[in-house]
Amino acid sequence: MAAPYELIYYVGVPGRGEHIRLALEEAGAEYTDTASLPMDKCREFVTSYLTPGPGNPPYYAPPLFKHGDLVISQTSNILMYLGSKLGLAGANQNDEYRVNALALTALDGLSNEVHDSHHPIAVELYYEDQREESKRRCQEWIKTRLPKHLGYWERALASDEGGNWLLGKTFTYADLVLFQCLDGCKFAFPKAMSQAKESGKYNRVFRLWEDVKARPNVAAYLASEKRQKYDWGIYRYYPDNDVLAE
Ligand SMILES: N[C@@H](CCC(=O)N[C@@H](CS)C(=O)NCC(=O)O)C(=O)O
């Protein structure tokens with residue numbers, strides 16, 4: 001019997017684990033998910049992987065992914081491992097590296113930067129203790145970084161090869177990562193994202209969000225109870241931070 005796919009991540013928000021869930025769901029793969037555990041049990045289980053064990057360097061942070069004897073960390077590393085197994089890493093030689101680069105770029109700009117926008121001074125401090133800095137950072141981020149990122153993705157989607165995906169006609173997990181990043185930004189910054197959409201400058205980007213959302217397996221997953229709500233994770237809605245680009 002084939003080893004099961006096991007996602008190890010905190011319960012309560014989609015978080016970084018969501019990128020892995022979306023790839024598994026899109027492919028219709030069976031997997032277990034620690035998000036089905038009660039909050040305290042889940043935290044205890046996840047934390048048990050973060051302490052050193054025999055023969056292993058400890059894992060720094062979730063998401064983690066277990067497949068048989070292998071346990072790996074880092075969202076994009078897990079996606080790269082799964083991509084070829086699930087048929088979501090492209091069809092041509094070296095596509096897996098292109099797809100990985102696209103996923104890393106989306107995670108850098110539209111996930112990690114967004115996380116830092118509500119924790120600009122220190123991850124360990126509460127948002128409330130860095131509220132003013134967070135507001136200032138969001139104003140600047142929305143004015144300069146958001147258009148830079150959206151502009152990049154618009155260019156990336158203007159493929160000569162035809163098709164509406166990042167690799168033209170070939171759908172890959174990079175499209176899912178970009179979808180999830182855009183979806184989170186829409187939650188965190190509804191005003192700025194509406195303004196960006198209405199500007200008409202990023203039509204390909206917003207079409208990708210619609211197209212991924214409409215894929216049958218993704219749509220069924222998003223409508224299911226397995227899809228957790230945004231709250232305290234990477235994508236947070238703070239009215240002070242929800243500003244227009246001017
Ligand atoms: N680059 C890593 C980041 C992992 C990460 O930051 N995980 C969060 C939960 S989503 C965490 O527990 N971070 C603890 C910390 O950074 O101190 C990845 O993409 O997997």
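How far is the sulfur of Cys138 from the closest cysteine sulfur, and in which residue does that sulfur lie? The closest one is in Cys185, at 10 Å, too far for a bond.

Notes on a predicted model follow, in which local features need pLDDT of at least 70 and side-chain atom pairs count only at pLDDT 80 or more, while totals for chains, interfaces and linings use all residues. Residues are numbered from 1 along each chain as its sequence is written, and side-chain values use heavy atoms, with hydrogens and water left out.

1. Cysteines. The count of disulfides is zero, a disulfide being a pair of cysteine sulfur atoms within 2.5 Å. The sulfur of Cys185 has its closest cysteine sulfur in Cys181, at 6.8 Å, again too far for a bond. Cys138 is buried, with a relative accessible area of 1%. Cys185 is buried too, at 0%. Buried means under 20% relative accessible area, exposed over 50%, and partly exposed in between (1.4 Å probe, protein chains only).

2. Helix α1. Gly28 follows α1 and has a positive phi, near 70°. Helices (H or I, at least four residues) and strands (E, at least two) are DSSP runs, numbered from the N terminus.

3. Helix α7. In this helix (residues 190-198), the buried residues are Ala192, Met193 and Ala196. Viewed down the axis of α7, they fall within an arc of 95°, so they line one face of the helix. The arc is that of the directions from the helix axis to the C-beta atoms. An α-helix has 3.6 residues a turn, so residues three or four places apart point the same way. The buried residues of α7 pack against α5 (131-157), α6 (173-188) and α8 (203-213), with contact meaning heavy atoms within 4.5 Å. Gly200 follows α7, with a positive phi near 75°.

4. Ser194. This residue is in helix α7. Ser194 counts as partly exposed, at 35% relative accessibility. The C-alpha atoms of Ser194 and Leu244 are separated by 9.2 Å, although the two residues are 50 apart along the chain.

5. Aromatic pairs. The count is 10. Rings of Phe, Tyr and Trp (its six-membered ring) pair if their centres lie within 6.5 Å; planes under 30 degrees apart count as stacked, over 60 as edge-to-face and the rest as tilted. Tyr127 and Tyr238 form a stacked pair, 3.6 Å centre to centre with 5° between the planes. Tyr127 lies in the loop between α4 (95-118) and α5, and Tyr238 in the segment after α9 (216-222), so the pair ties together parts that are 111 residues apart in sequence. Both Tyr127 and Tyr238 are buried. Ring pairs also link Phe187, Tyr230 and Tyr235 into a cluster.

6. Charges over rings. Arg43 lies over the face of Tyr10, 4.3 Å from the ring centre. Arg215 lies over the face of Phe171, at 3.6 Å. The criterion is NZ of Lys or CZ of Arg within 6 Å of the ring centre and within 35 degrees of the ring normal.

7. Strands β3 (residues 64-67) and β4 (residues 70-73) run antiparallel and are joined by four bridges. Strands pair if DSSP finds at least two bridges between them. Phe65 stands opposite Ile72 in β4. Two residues separate β3 and β4 in the hairpin, and Gly68 in the turn has a positive phi of about 65°.
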